[in-house]
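Welcome, and thanks for stopping by.

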Amino acid sequence: MKKKVVIITGASRGLGKAIALKYGREGWSVLINYLEQKKAAEAVADKVRSLDGEAEVYRADVSKTEDVKNMIDAAMKKWSRIDVLINNAGITRDSLLIKMSEADWDAVIKTNLKGAFICIQQAAKIFIQQKEGHIINIASIAGIQGREGQANYSASKAGLIGLTKAAAVELGEYNIRVNAVNPGYIPTEMGTDVSDKIKEQIIGKNVLRRHSDTKEVADFAHYLSTKDNISGQVFNLDSRII
Ligand code: NAP
């Protein structure tokens, strides 16, 4: 039987890597997108192949339309279809709002929000032809909560939630599902900048007194992508009550 195909942006490390390994374990073909860390992306691909999956790595800046077009073309050339797109690539440039530079504002919005828009637009062209497809956007609890020192990041993730709903409305008639998941704090490379004080606050507000983990988010994303009748929804994968 032909393997299903998933494109995961920002899959060289952290959450994207965990998602790639989950799909590999489930026997999918996985396109592992990266920006700078080619060796790390190749190591993820090797691991996916050692599980039950197929894998290719592809360097593309998600905020550049030409890069994304070429990435989608490469996946189509290799596998002739795409089943799922996971918009996971993301960055932070934290500082208090009154001190935040325009460059840091723009960089975060460009990668986290515009990047997802470009990937959705390009993948949707294939999904419309296929009359099927599923897009999962990795947003964040920060997008609904608002977080000190993260005006740019919170705005990008709130925007991603709005984009998820608008895309679900527009693309539903083509049998394209669009959903978002909101992980809570996870100690990946992105999470290493978070101070011990903030970590304690996050865990203190969590009813289970622990943070999110990559494996659960990966398992959930995979589960969601196997569901045919869920679209336009936002799932909080955290145990803080907001
Ligand atoms: P991470 O460890 O910093 O990894 C970020 C990934 O994004 C890397 O693979 C990086 O590629 C890639 N990337 C960055 N800019 C890119 C671009 N312009 N084009 C393509 N790829 C790009 O982050 P993470 O913690 O795994 O986060 C993954 C997602 O989960 C993000 O969207 C983040 O906002 C979200 N999230 C994270 C947390 C958390 O606490 N960690 C919580 C909620 C939501 P290279 O390695 O090649 O540079």
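Is K131 buried or exposed? At 60% relative accessibility, K131 counts as exposed, where exposed means over 50% relative accessible area, buried under 20% and partly exposed in between (1.4 Å probe, protein chains only). Please keep in mind that this is a predicted model, in which local features need pLDDT of at least 70 and side-chain atom pairs count only at pLDDT 80 or more, while totals for chains, interfaces and linings use all residues. Residues are numbered from 1 along each chain as its sequence is written, and side-chain values use heavy atoms, with hydrogens and water left out.

**The chain as a whole**

- The protein chain has eight helices and seven strands; helices (H or I, at least four residues) and strands (E, at least two) are DSSP runs, numbered from the N terminus.
- Its radius of gyration is 17 Å, which agrees with the value near 18 Å that a compact globule of 242 residues would have. The radius is taken over C-alpha atoms, and the globule rule is 2.2 Å times the number of residues to the power 0.38.
- Along its principal axes, the C-alpha trace of the protein chain spans about 50 × 35 × 35 Å.
- Of the 242 residues in the protein chain, 48% are buried.
- Among contacts (heavy atoms within 4.5 Å) with a separation of 6 or more, 75% join residues 24 or more positions apart.

**Helix 1 and helix 8**

- Helix 1 (residues 14-25) packs against helix 8 (residues 214-225) at an angle of about 50°, and their axes are 8 Å apart. That makes helix 1 oblique to helix 8.
- A word on the geometry: axes are lines fitted to C-alpha atoms, for helices over the stretch in contact, and angles run from 0 to 180 degrees between N-to-C directions. Angles under 35 degrees count as roughly parallel, over 145 as roughly antiparallel, 65 to 115 as roughly perpendicular and the rest as oblique.
- Helix 1 passes helix 8 in a right-handed crossing; a crossing is right-handed if the near helix is turned clockwise from the far one by less than a right angle, and left-handed if anticlockwise.
- On the helix 1 side the contact is made by G14, L15, A18, I19, K22 and Y23, and on the helix 8 side by T214, V217, A218, D219, A221, H222 and S225.
- By class, this contact of helix 1 with helix 8 has seven nonpolar, four polar and two charged residues. Here Ala, Val, Leu, Ile, Met, Phe, Trp, Tyr, Cys and Pro count as nonpolar, Asp, Glu, Lys and Arg as charged, and the others, Gly among them, as polar.

**Helix 1 and helix 2**

- The axes of helix 1 and helix 2 (residues 38-50) come within 8 Å and cross at roughly 20°, so the two helices are roughly parallel to each other.
- The crossing of helix 1 and helix 2 is right-handed.
- K17, A20, L21 and G24 of helix 1 meet V44, K47 and V48 of helix 2. By class, the contact of helix 1 with helix 2 has four nonpolar, one polar and two charged residues.

**Residues in the strands**

- S29 sits in strand 2 (residues 29-34) and is buried, with a relative accessible area of 1%. Not counting residues up to four places away in sequence, S29 touches K3, K4, V5, V6, E54 and W79.
- V57 lies in strand 3 and counts as partly exposed at 23% relative accessibility. Setting aside residues up to four places away in sequence, V57 touches I32, Y34, A41, E42 and A45.
- R59 is also found in strand 3 (residues 54-59) and is partly exposed, with a relative accessible area of 41%. Although R59 and N33 are 26 residues apart in sequence, they are 5.7 Å apart in space, C-alpha to C-alpha.
- H134 has its place in strand 5 and is buried, with a relative accessible area of 0%. Leaving aside neighbours within four places in sequence, H134 is in contact with residues including D83, F127, R177 and I230.

**Positive phi in the loops**

- Most residues other than glycine have a negative phi.
- K131, in the loop between helix 4 (102-130) and strand 5 (133-138), has a positive phi of about 60° although it is not a glycine.
- S80, in the loop between helix 3 (65-79) and strand 4 (84-87), has a positive phi near 65°.
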